[in-house]
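Subject: Structure handover

Hi,

Here is the structure for your files. My notes on what turned up follow below it.

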Amino acid sequence: MSAFRNWREQLCCPQCRCPLAEHEGGLDCPQCRSRYEITAAGVPLLLTPADRQRFAQLLETASAARMQEEYARRTRAGWRARLWRGLSPPLPVYHNPAEPPLPRHPDGLNLWLGGAGRETPGFVNLDLAPFAGVHLVAHAGRIPFAENSCDAVACDALLEHVEDPAAVVAEIRRVLKPGGHVLAVVPFCHPWHGYPADYQRFSRDGLERLFAGFDSVSVGIRTGPTTALLTFFTYYWKLVFPVHARNPVRRWVNRALVAAWGWLSAPLRYLDVWLNRRPDAHTLANHLYLLARKPEK
Ligand SMILES: [Zn+2]
């Protein structure tokens with residue numbers, strides 16, 4: 001059987017890293033005697049008691065409620081949800097086609113850090129709560145897999161949401177097999193967005209420094225200067241015309257205004273087809289990608 005299908009057998013204790021023993025409804029650590037639950041949907045909850053408390057607090061905030069509302073909206077079925085998605089303007093985003101494809105081993109253990117609200121085939125999706133699409137609940141700074149166990153790691157728009165990105169990168173390096181690849185995507189010029197908290201931004205130099213322990217590091221633009229500008233405008237209009245206003249008439253007028261801006265300005269994003277090629281485009285990039293390899297020795 002492939003490592004992907006066997007991933008649950010490779011879980012280890014987030015506190016002492018001893019391999020875990022699965023039994024009905026839970027996982028036990030034979031070394032430190034910690035016990036971990038498995039949800040009714042079959043998702044292991046591999047959090048330390050302190051992390052569990054911290055994440056529960058984070059998920060009580062207003063921004064966390066909006067985040068969960070958005071995850072639900074993305075996947076909701078029915079004509080109302082489809083109509084809503086159809087009327088919503090496209091995101092003012094042009095993805096740079098030069099970004100390398102996701103590192104994904106066909107039979108290997110591919111780990112996605114922080115991918116709630118989406119399904120990426122072939123990846124074990126780790127996040128801080130059992131949202132839709134999540135296979136495993138854990139702290140990205142205490143990944144419950146053994147050293148040299150993962151073939152590939154992806155983390156897309158995660159590192160700005162963790163308190164200590166260096167600790168997460170050290171964990172990625174620990175769990176990757178030698179020669180295994182990581183693809184990380186981070187914001188540079190992007191507004192604050194609480195998913196559920198937002199701690200930092202990364203310049204090209206900062207990102208390279210964060211992954212200094214890796215080989216074959218390449219950094220480039222995922223979304224460029226025009227995407228940055230249009231995204232700031234969208235957030236600006238949402239500040240001027242709050243889309244979550246209490247008064248329902250104001251709320252819907254504001255939503256219509258912001259949507260009108262979105263539809264009218266959306267074509268401008270294609271300016272990035274040209275701008276992303278400029279050598280200095282990173283100075284105003286919206287998101288950067290980094291592809292790197294764990295050294296062989
Ligand atoms: Zn343990």
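This is a predicted model: local features need pLDDT of at least 70, side-chain atom pairs count only at pLDDT 80 or more; totals for chains, interfaces and linings use all residues.

Pro187 is found in strand E8. Strands here are DSSP runs of E with at least two residues, helices are runs of H or I with at least four, and both are numbered from the N terminus. Residue numbers start from 1 along each chain, as its sequence is written.

Is Pro187 buried or exposed? It counts as buried, because it has 23 C-beta neighbours inside 10 Å. The cut-offs: buried means 20 or more other C-beta atoms within 10 Å of the residue's own, exposed means 12 or fewer, partly exposed lies in between, and C-beta atoms are placed from the backbone. Beyond its neighbours within four places in sequence, Pro187 is in contact with Ala157, Glu160, Arg201, Asn286 and His287. Contact means C-beta atoms, placed from the backbone, within 7 Å. Leu136 is 51 residues from Pro187 in sequence and 25 Å from it in space, C-alpha to C-alpha.

Now the sheet around E8. It is open, has 7 strands and runs E6-E5-E4-E7-E8-E10-E9, with mixed pairing. Two strands count as paired if DSSP finds at least two bridges between them. At the edges are E6 (136-137) and E9 (215-223), each pairing on one side only.

Helix H4 (residues 165-175) packs on this sheet. It touches E4, E7 (150-156) and E8 (176-187). The direction of H4 makes about 150° with that of E8. Such angles run from 0 to 180 degrees between N-to-C directions, with axes fitted to C-alpha atoms and, for helices, over the stretch in contact.

The pairings, briefly:

- E4 (residues 110-113) and E5 (residues 123-127) are parallel, over 4 bridges. Leu111 has Val124 in E5 as its bridge partner.
- E8 and E10 are antiparallel, over 7 bridges. Leu183 stands opposite Leu291 in E10.
- E9 and E10 run antiparallel, joined by 6 bridges. Val219 has Leu290 in E10 as its bridge partner.

E10 (residues 287-293) is mostly covered, with 6 of its 7 residues buried.

Back to H4. Val175 sits in this helix. It counts as buried, because 22 C-beta neighbours lie inside 10 Å. Setting aside residues up to four places away in sequence, Val175 touches Leu111, Ile143, Phe145, Glu147, Ser149 and Cys150. Asp156 is 19 residues from Val175 in sequence and 17 Å from it in space, C-alpha to C-alpha.

Leu111 also shows up in the core. The largest nonpolar core has 58 residues, and Leu111, Val153 and Leu288 touch the most other members. A nonpolar core is a set of buried Ala, Val, Leu, Ile, Met, Phe, Trp, Tyr and Cys residues joined through C-beta atoms within 7 Å. Contacts of Leu111, outside four places in sequence, include Phe123, Leu126 and Val153.

There is also an open sheet of 3 strands, E1-E2-E3, with antiparallel pairing. E1 (21-23) and E3 (35-37) are its edges, each with a single partner strand, so one side of each has no neighbour in the sheet. Neighbouring strands in this sheet are turned by 25° against each other on average, direction ignored. E1 pairs with E2 (residues 26-28) over 3 bridges. His23 stands opposite Gly26 in E2.

Best wishes

Key:
Two residues are in contact if their C-beta atoms, placed from the backbone, lie within 7 Å.
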